Amino acid sequence: MTVRIKVKNAETGATVEMELEVENTIDEVIESAATFWSKDMGAYVLRKGKKVLRGGGSLTESGIRADDVLELIPDPEGG
Amino acid sequence: MARPKIVGETKRPLGEKEPPPSSGLGPHPWLSEQSRSAHQQRVRSGAIFDVYLSRVGEEKIRSHAVKEAPRRLEVMGFLLGEACTWKGEAYSVVRDVVTTELRSSSSKVRFDPKAFPKLFHGLDDSGFDYILVGWYHSHPGHTCFLSGTDMETQRSMFNQPYHVALVIDPINRDIKTFRLRDDGYEETMFAVFDPLHDVAANTKGARTRRLKVTPVMQPGH
């Protein structure tokens, strides 16, 4: 089944609309958004509300539904 | 199985908005005499600052850095606000800051991966439609500059003209803001503003904002 979700770029406020299947994984969502915005996917986490979305779990397993708005959050390092 | 497909992007334009009024501006208490003089000169000239840091945000950052200074631990967090333009000039407004538990030493700092939910709670609790206009972190006793690690973070995450890197040294009582420029970085000028004077945020057509003034840490100074 195909669904559409939105992913917000927390650094700019831009939002992409993404079409995907419920079997797609969280990593694939992060990779797609990060690639679109020329980001290193390993340096970001995805959130839905207060929940961190990680890894190879599918959208269904992660509780993602059509029209959800997720947010791509940077995981910075200072030195 | 098909890979995710991006079917469209909606960009957030920079808002054309008057900066906080000079009557509500002040220099940071840790600025040097030279920087304080430059601040006053800019206020008198009417030129806009590169960054406007709310008093609430400034106090949270300073308290956070000072709290961990005795152990020489770096601290870090996000700067929440908006990117604006006024008469063709861009500037950033930091309305609030958020952080969470950290994994830090005297020379490195990251968010604790287990503490992201607390960070997200802070983002949701900010009460306005923020963007991350940058990040802050401390250099306890190391002065204020951008290290190689900091530059990597700035280049990969905060590479828009309005993005700010705020560095605070609670041992030497120094604070500076930076942004990328060409292959390196440059210091920018910032002012601390009192949101109560920020009439621009409440002008006709602006979105209503209600900031929660709830310091997350006890002042350690």
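Predicted model: local features only at pLDDT ≥ 70, side-chain atom pairs only at ≥ 80, totals over all residues.
Chain B has 221 residues, and buried residues account for 49% of them. Its accessible surface comes to about 10,800 Å², and carbon and sulfur atoms hold 48% of that area. If we take the contacts in chain B between residues at least 6 apart in sequence, then 71% of them join residues that are at least 24 apart.

Three strands form an open, antiparallel sheet here, in the order E6(A)-E8(B)-E7(B). The edges are strand E6 (77–78) of chain A and strand E7 (102–104) of chain B, each of which pairs on one side only. Between E6(A) and strand E8 of chain B, which covers residues 109–111, the antiparallel pairing runs over two bridges, and within this region A:Gly78 stands opposite B:Val109 of E8(B).

I now turn to the salt bridges, of which a search of the whole structure, over all chains, finds 26. One of them, in chain A, joins A:Arg4 to A:Glu19, with the closest N and O atoms 3.2 Å apart. This pair links distant parts of the chain, since A:Arg4 belongs to strand E1 (residues 2–9) and A:Glu19, 15 residues away, belongs to strand E2 (residues 15–21). A:Arg4 counts as partly exposed because its relative accessibility is 37%, and A:Glu19, with a relative accessible area of 25%, is partly exposed as well.

In chain B, B:Glu58 forms a salt bridge with B:Arg62, where the closest N and O atoms are 2.5 Å apart. Both residues lie in helix H2 (residues 55–68) of chain B, and they are four residues apart, which is about one turn of the helix. B:Glu58 and B:Arg62 are both buried.

Another pair in chain B is B:Arg181 with B:Glu186, whose side chains meet in a salt bridge at 3.0 Å, N to O. Are the two partners buried or partly exposed? B:Arg181, at 49% relative accessibility, counts as partly exposed, because the exposed class begins only over 50%. B:Glu186 has a relative accessible area of 19% and is therefore buried, the limit for that class being under 20%.

Finally, there is a network of salt bridges with members from both chains: A:Lys8, A:Arg47, A:Lys50 and A:Glu71 are linked in it with B:Arg12, B:Asp124 and B:Asp129.

Note on methods. Residues numbered from 1 in each chain as written. Chains lettered and ligands numbered in written order. Heavy atoms only, no water. Buried < 20%, exposed > 50% of the residue type's maximum accessible area, 1.4 Å probe, protein only. Contact = heavy atoms within 4.5 Å. Areas by Shrake-Rupley, 256 points an atom, 1.4 Å probe, with all protein chains shown as cover. Pairing = 2+ DSSP bridges. Salt bridge = Lys/Arg side-chain N within 4 Å of Asp/Glu carboxyl O.
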